Amino acid sequence: MADRPDREDSRVEAQFRAAYQRPSAQDEPARERLLSRLAAERGAAPARGVRGWFAVRSFQARPAAVFAAFVAVLAAGVWLGAKVDRRATSPVRFVREAADPGTAPVTFMLRAPGATRVSVVGDFNNWDASATPMAHSGSGDLWVLNVRLPRGVHLYSFVLDGSEWRPDPSAPLAADGSFGGHNSVIVVDGVGGL
C-alpha cells in the first residue's frame with residue numbers, strides 16, 4: 001500500500017508529459033508563422049544605420065583563407081621588423097652609446113635671482129658662454145644643468161645674462177683666477193653624479 005501513492009504520482013506525471021508532447025491544432029498556425037518569419041529574416045537585407053552596427057551576423061571563412069591571411073600578416077611583421085632600426089627604438093642602447101667611458105655625469109645648480117639666462121663656462125668647453133646653457137627649473141630662481149664631463153680636475157664658473165661671471169658658491173675656489181676673478185674647482189672621478 002505504501003507504494004500506491006508513488007505509482008499514482010508516476011501515472012499522473014506520465015499523463016502530463018504526454019499532454020505536453022501532443023501537438024494541438026492551435027499550435028500549427030503559430031508554428032507556420034514562426035517558420036516563415038525565420039525564412040524571411042535569413043534572406044532579408046542587412047539592417048542599415050545604427051541598427052546595422054549592432055546586428056548579429058555570422059562570419060564564415062574557409063580554413064585555407066584563414067591560413068593565407070595568417071601567413072600574410074606574419075610575413076608583413078617580419079618585413080617591418082627588418083626595416084625598423086632597433087637602435088632608434090631602444091633608449092637603453094642610446095644611453096650606453098652616449099656614455100663615453102672617459103666621462104662621468106655632473107649636475108650643476110645655481111640660485112640666481114632675477115637672471116634671465118645662465119650658463120656654465122670652464123676649461124671643458126673653452127670658456128664659451130653659449131656652449132652649455134643651464135635650464136630654469138620652472139619656478140623660483142634655481143637653474144640646473146646635467147652634463148657629462150671628462151674625468152679629472154676642472155675649473156669653471158657661471159655666466160649670468162651673458163656678462164656677469166660668478167663662481168659656484170657651493171664649490172671650492174681655485175687658488176688664483178686667470179683674469180683677476182675667481183673660478184670654482186670640480187673633480188670628476190666617475191664614481192657617481194656630483
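Mentor: Start with contacts, meaning heavy atoms within 4.5 Å. Of the contacts in the protein chain with a separation of 6 or more, 66% are between residues 24 or more positions apart.

Trainee: What should I know about the model and the numbering?
Mentor: It is a predicted model: local features need pLDDT of at least 70, side-chain atom pairs count only at pLDDT 80 or more, and totals for chains, interfaces and linings use all residues. Residues are numbered from 1 along each chain as its sequence is written, and side-chain values use heavy atoms, with hydrogens and water left out.

Trainee: How many helices and strands?
Mentor: Six helices and seven strands. These are DSSP runs numbered from the N terminus: helices are H or I, at least four residues, and strands are E, at least two. Along the sequence the pattern is α-α-α-α-α-α-β-β-β-β-β-β-β.

Trainee: Which strands form the open sheet?
Mentor: Three strands, in the order 1-4-3, with antiparallel pairing. Strands pair if DSSP finds at least two bridges between them. The edges are strand 1 and strand 3 (135–136).

Trainee: How many bridges join strand 1 to strand 4?
Mentor: Nine. V106 stands opposite V147 in strand 4.

Trainee: New topic. How much is buried?
Mentor: 17% of the 194 residues. Buried means under 20% relative accessible area, with a 1.4 Å probe and protein chains only.

Trainee: And which residues have the most contacts inside the largest nonpolar core?
Mentor: F108, V118, M134 and F158, in a core of 19 residues. Such a core is a set of buried Ala, Val, Leu, Ile, Met, Phe, Trp, Tyr and Cys residues joined through side-chain atoms within 4.5 Å.

Notes. Buried < 20%, exposed > 50% of the residue type's maximum accessible area, 1.4 Å probe, protein only.
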